[in-house]
Amino acid sequence: MTAPGTNQRINSDRLWDSLMEMAKIGPGVRGGNNRQTVTDEDSEGRHLFRKWCEDAGMSMGVDQMGNMFMRHEGTDPDALPVYVGSHLDTQPTGGKYDGVLGVLAGLEIIRTLNDLNIKTKHPIVVTNWTNEEGTRFAPAMLASGVFAGMHTQDWAYDREDHEGKKFGAELERIGWKGEEEVGQRKMHAFFELHIEQGPILEAEGKEIGVVTHGQGLSWTQFTITGKESHTGSTPMPMRKNAGLGMARILDLVDKVAWDHKPDAVGAAGHIDVYPNSRNVIPGKVVFTVDLRSPSLATIEEMEQQVATGAMDICKELGLGIEIEKVGGFDPVEFDEKCVTAVRNAAERLGYSHRNLISGAGHDACWINRMAPTAMVMCPCVDGLSHNEDEDISQEWAAAGTDVLFHAVVETAEIVE
């Protein structure tokens, strides 16, 4: 396959301007974004993305999960398309780049092809996956999960937000429920650019992360029950403190993760304490333990160690315990050929790079089940993401998009 020339690069200013323009939709309170899935703000962002794509000569398809597929034609109408993209939805207090960079980088690829009058054999389809974040409607990567057959469409439609609104009804309300059957599209390959959401690239001074694997994830919900009582008048020997049980379990989670270093991690991010009063010993706590590793065997071993240790802790403290697996996915190994295309592009363009294991879930993790897939990552300041202070430089965005451009266009096969 013929690769683009080393002098063929994207328009950095145009990409950055697009990022800043999209960030005006659903502004956060501190400089980031609140453009949660299937809200009015999400719809507004979709309309802007559609306009930009159609201005670049692309045609739109939308499936019944609201996934947007913007197609740039190739010279061979029978060739399977190369897909590229990510997501436009954000966390409630999200940044301007998480997901959005990957979608608008895909658009910038097409704009650059138009500028340079480059034709490819395979069509290129820029994709916006619905509800990657999973904050308003759990789980994360919902629509790409339906596309990949991990969830049924009816189950996804019935997901409810904290107000009891259902995903399917909200998707229809904002006008982005398409007619196309989900998961019927065939792909030649899929590429996704994303900010790292971690500190490694910046700390090591690398411009590009070549993502070889995605960590597997396990979410287990623990419900610990004790007895609510007054913090001042209940003697220490007579307490059944659910909060203390949780504290000891979380200390165990940390120890188990350290015992499986270097790639394993674990913590609890979601915690509910009842009655959550200053002078009442907690009678109940509910929290979710998040364990991750690129090794499925390691995840399963950590799950077992935490569950066994948690039951021992609660028995010692006279507490009740319920354990429920509430989510997760197996580790991902990305396609060797696609990963090599990313690595070769970074080397060809002279960007410093290193292999990475993605610590977060991404739509690419599900699409990897359907087609050869790879990811590109660029640094983010202090590794910060899912936070309004999330930040990247224009140069990092351009480097990541240059590498994405070369990998995608080479895979789509330039027509001389």
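Helices (H or I, at least four residues) and strands (E, at least two) are DSSP runs, numbered from the N terminus, and the expected span of a helix is 1.5 Å times one less than its number of residues. With that in hand, welcome to the tour.

A word on the model before you click: this is a predicted one, where local features need pLDDT of at least 70, side-chain atom pairs count only at pLDDT 80 or more, and totals for chains, interfaces and linings use all residues. Residues are numbered from 1 along each chain as its sequence is written, and side-chain values use heavy atoms, leaving out hydrogens and water.

**Stop 1: helix H12**

Select residues 394-412. This is helix H12, whose 19 residues reach 26 Å from first C-alpha to last, close to the 27 Å expected at 1.5 Å a residue. Step just past its end to Glu-413, which takes a positive phi of about 70 degrees.

**Stop 2: H1 against H12**

H1 and H12 pack at about 110 degrees with their axes 10 Å apart; axes here are lines fitted to C-alpha atoms over the stretch in contact, and angles run from 0 to 180 degrees between N-to-C directions. The two helices are therefore roughly perpendicular (65 to 115 degrees).

**Stop 3: aromatic pairs**

The structure holds ten aromatic pairs. Rings of Phe, Tyr and Trp (its six-membered ring) pair if their centres lie within 6.5 Å, with planes under 30 degrees apart stacked, over 60 edge-to-face and the rest tilted. Show Phe-69 and Tyr-83: this pair is edge-to-face, 6.1 Å centre to centre with 80 degrees between the planes. Phe-69 sits in strand E2 (residues 68-72) and Tyr-83 in strand E3 (residues 82-86), so the pair ties together parts 14 residues apart in sequence. Phe-69 is buried at 1% relative accessible area, and Tyr-83 is buried at 2%.

Next, select Phe-137 and Phe-167, an edge-to-face pair at 5.6 Å centre to centre and 80 degrees between the planes. Both are buried, Phe-137 at 0% relative accessibility and Phe-167 at 0%.

**Stop 4: charges over rings**

Finish with Arg-159, which lies over the face of Trp-155, 3.9 Å from the ring centre. The criterion is NZ of Lys or CZ of Arg within 6 Å of the ring centre and within 35 degrees of the ring normal. Lys-284 lies over the face of Tyr-274, at 5.3 Å from the ring centre.

Terms used: Buried means under 20% relative accessible area, exposed over 50%, partly exposed in between (1.4 Å probe, protein chains only). Angles under 35 degrees count as roughly parallel, over 145 as roughly antiparallel, 65 to 115 as roughly perpendicular and the rest as oblique.
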